Amino acid sequence: MAGTLLGRHPASPLLVPTPFARFAATCDALRQLDGRNAKREGAAELLAAVDRDERAPTARFLAGQTLSPLDERDLNVGSSVLADAAGEGQTPLFGGEATIADVARVVDGLADVSGTGSGQRRSALLGGLLGRLDEDEQAWLRALFLGELRTGVQEGLVLDAIAEAADEDAEIVRRAHQLRGDVGEVAARALADDEPPLADVDLELGRPLGPMLAEKAEDLETALAEAGPRAFVEPKLDGARIQIHRRGEDVRVFSRRLTEVTDSLPEAREVGDQLDAEQALAVGEVYAVDEDGRPRPFPDLMRRFRREHERRASRAEVPVAIRLFDLLHVDGTTLIDDALTERRARLEELAPEDLLTPAVQTSRLAEAETVYDQAQGEGHEGVMVKAAESTYEPGRRGRSWLKVKPAETLDLIVLGAEWGHGRRSEWLSNYHLGVRVPDDQRDLLQEPSQPGQDPVTRREGHAMVGKTFKGLTDEQFGWMTDRLQELAETEHGWGVEVAPSLVVEVTFEAVQDSSKYRSGHALRFARITAIRDDKPVRGAATVADVAATGGPR
Ligand code: AMP
């Protein structure tokens with residue numbers, strides 16, 4: 001290649017890294033701006049301006065992500081590491097020296113730190129970076145690491161901003177994101193001149209895809225009416241979602257959170273081996289079973305997925321069953337845009353019958369009820385009702401899949417309460433709901449990914465699972481306010497932390513995974529249905545009870 005002053009790629013733009021100050025200024029502006037359009041334009045402007053290598057990190061940073069969601073490394077940077085790092089260097093008078101590329105490099109370096117002395121090495125790495133940022137930039141860097149950007153910009157908006165910056169159709173950008181799972185990669189591809197068109201992006205075997213999720217329906221009748229003619233009615237199995245990727249001999253298995261679980265689940269690899277195709281991506285559920293094949297509670301299954309340094313339950317201790325319910329790719333053909341009827345037919349062609357989730361196609365309530373009763377009788381949660389014509393939408397919770405199951409209720413402990421707003425400003429009216437964490441369930445806890453978010457989650461022996469201000473009458477709000485002030489242990493501007501003493505009965509729609517709470521779970525649409533001051537705290541739900549409660553995982 002002819003040497004030029006510009007280097008090996010004469011056509012590529014000169015490398016001009018963008019000061020991190022520009023990211024900080026954009027965030028400042030985004031926080032002030034009102035409305036989706038204005039924010040989208042603000043974000044698009046930055047994406048269009050940054051250097052080629054900075055597009056991926058910039059898109060992630062704007063979405064409040066440090067690493068790609070597909071990156072299995074942990075950053076482990078919380079407020080204490082940040083505080084130590086701040087002590088390492090001096091705040092420079094000017095700052096403004098570090099670029100977005102520099103920050104991305106440090107993030108990558110932090111993700112590589114492990115082993116003894118890692119806390120110190122993290123602080124040193126961060127200290128070096130902080131020393132090149134002024135105070136305002138440092139504040140934005142901290143907010144980025146703590147998940148507290150609060151610019152009102154979510155992933156969906158970043159995708160729209162990428163579309164605008166790249167002059168690309170927003171739907172094509174969204175679809176590419178569904179298939180690749182990382183706003184960073186989508187930004188890099190969309191904005192590059194020398195990449196194949198974004199519309200050609202396909203799924204890749206060996207790389208996990210976001211799960212399509214279900215909405216809750218009132219009851220079977222409404223679900224059937226909404227799903228349209230000849231809907232698929234299937235048992236909703238109470239386990240964990242898996243996706244099995246097969247490329248010839250190579251089979252890899254991923255969890256709902258997109259982490260690889262091949263080694264924890266040899267049974268799933270064997271399922272992959274049994275598929276009658278060279279290449280396939282099949283989706284299903286794994287659940288723990290007893291000797292009779294009846295489902296066992298969800299926490300039993302989790303014992304199979306413990307981290308390496310903890311003792312992981314063996315195959316013999318916790319046997320599992322696997323049932324497949326979808327097929328997204330087979331031998332070079334991606335099926336996500338095909339109707340469920342077609343995907344299911346292809347799945348039935350290549351998987352042995354005993355590996356399939358049973359499915360009945362029907363429009364008749366009586367038939368659907370039979371599936372529901374049978375599912376519950378077998379110890380499953382309820383049913384899924386899926387529109388026959390629906391395509392597979394990775395990473396989306398939509399109404400093409402509807403779940404029908406009994407409403408859930410738990411007795412929870414009030415661990416704190418926030419002063420209300422407006423009409424409720426005189427009352428402690430937003431309640432922090434918690435569960436008990438007996439010593440033998442401590443291994444169910446996790447470190448929140450956003451440390452310092454919720455002081456109450458750090459209370460020994462208890463963990464939060466949600467907040468709610470719904471369900472109580474004015475009189476009850478008054479009563480709760482008095483009682484919680486009596487129980488207050490720590491007062492904050494926002495409200496109080498209280499001694500764990502008051503139990504409330506809470507109904508909710510589902511339990512979701514949560515990286516915000518140490519319990520690892522958050523209740524969806526929680527509502528207090530009764531104040532149970534007659535109940536002792538030792539009768540309240542435990543973290544295992546919440547984990548065992550049906551709901552999205
Ligand atoms: P949800 O998480 O409540 O939105 O429901 C979707 C979850 O239910 C999926 O992530 C699966 O893990 C699980 N599930 C259990 N049985 C089925 C089924 N027959 N079809 C689809 N998902 C199922």
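Among contacts in the protein chain between residues at least 6 apart in sequence, what percentage join residues at least 24 apart? In this predicted model, the share is 73%.

**Figure 1. Overall dimensions of the predicted protein chain.** The chain contains 17 helices and 19 strands. Its radius of gyration is 25 Å, close to the 24 Å that the globule rule gives for 553 residues, so the chain is as compact as a globular protein of that length. Along the principal axes, the C-alpha atoms fill a box of roughly 75 × 65 × 45 Å. Of the 553 residues, 52% are buried.

**Figure 2. Close-up of the contact of helix α1 with helix α2.** Helix α1 spans residues 20-32 and helix α2 spans residues 36-49. Their axes come within 9 Å and cross at roughly 170 degrees. Angles over 145 degrees count as roughly antiparallel, and α1 and α2 are therefore roughly antiparallel to each other. Helix α1 contributes R22, F23, T26, L30 and R31 to the contact, while K39, G42, A43, E45, L46 and A49 come from α2. Sorted by class, these residues comprise 5 nonpolar, 2 polar and 4 charged.

**Figure 3. Close-up of the open sheet with the order β4-β3-β5-β6-β7.** The 5 strands of this sheet show antiparallel pairing. At the edges stand β4 (250-255) and β7 (333-334); each has a single partner strand, so one side of each is left without a neighbour in the sheet. Within the sheet, β5 (residues 279-288) and β6 (residues 320-330) are joined in the antiparallel sense over 9 bridges. Y287 has A321 of β6 as its bridge partner. Helix α12 (residues 266-274) packs on the sheet, where it touches β3 (240-247), β4 and β6. The direction of α12 makes about 45 degrees with that of β3.

Figure 4. Strands β9 (residues 382-386) and β10 (residues 397-404) pair in the antiparallel sense over 4 bridges, and V383 stands opposite V404 in β10.

Definitions and conventions:
Residues numbered from 1 in each chain as written. Predicted model: local features only at pLDDT ≥ 70, side-chain atom pairs only at ≥ 80, totals over all residues. Heavy atoms only, no water. Axes fitted to C-alpha atoms, helices over the stretch in contact; angles between N-to-C directions. Helix = DSSP H or I, 4+ residues; strand = E, 2+ residues; numbered from the N terminus. Parallel < 35°, antiparallel > 145°, perpendicular 65-115°, else oblique. Contact = heavy atoms within 4.5 Å. Nonpolar A, V, L, I, M, F, W, Y, C, P; charged D, E, K, R; others polar. Pairing = 2+ DSSP bridges. Rg over C-alpha atoms; globule rule 2.2 N^0.38 Å. Buried < 20%, exposed > 50% of the residue type's maximum accessible area, 1.4 Å probe, protein only.
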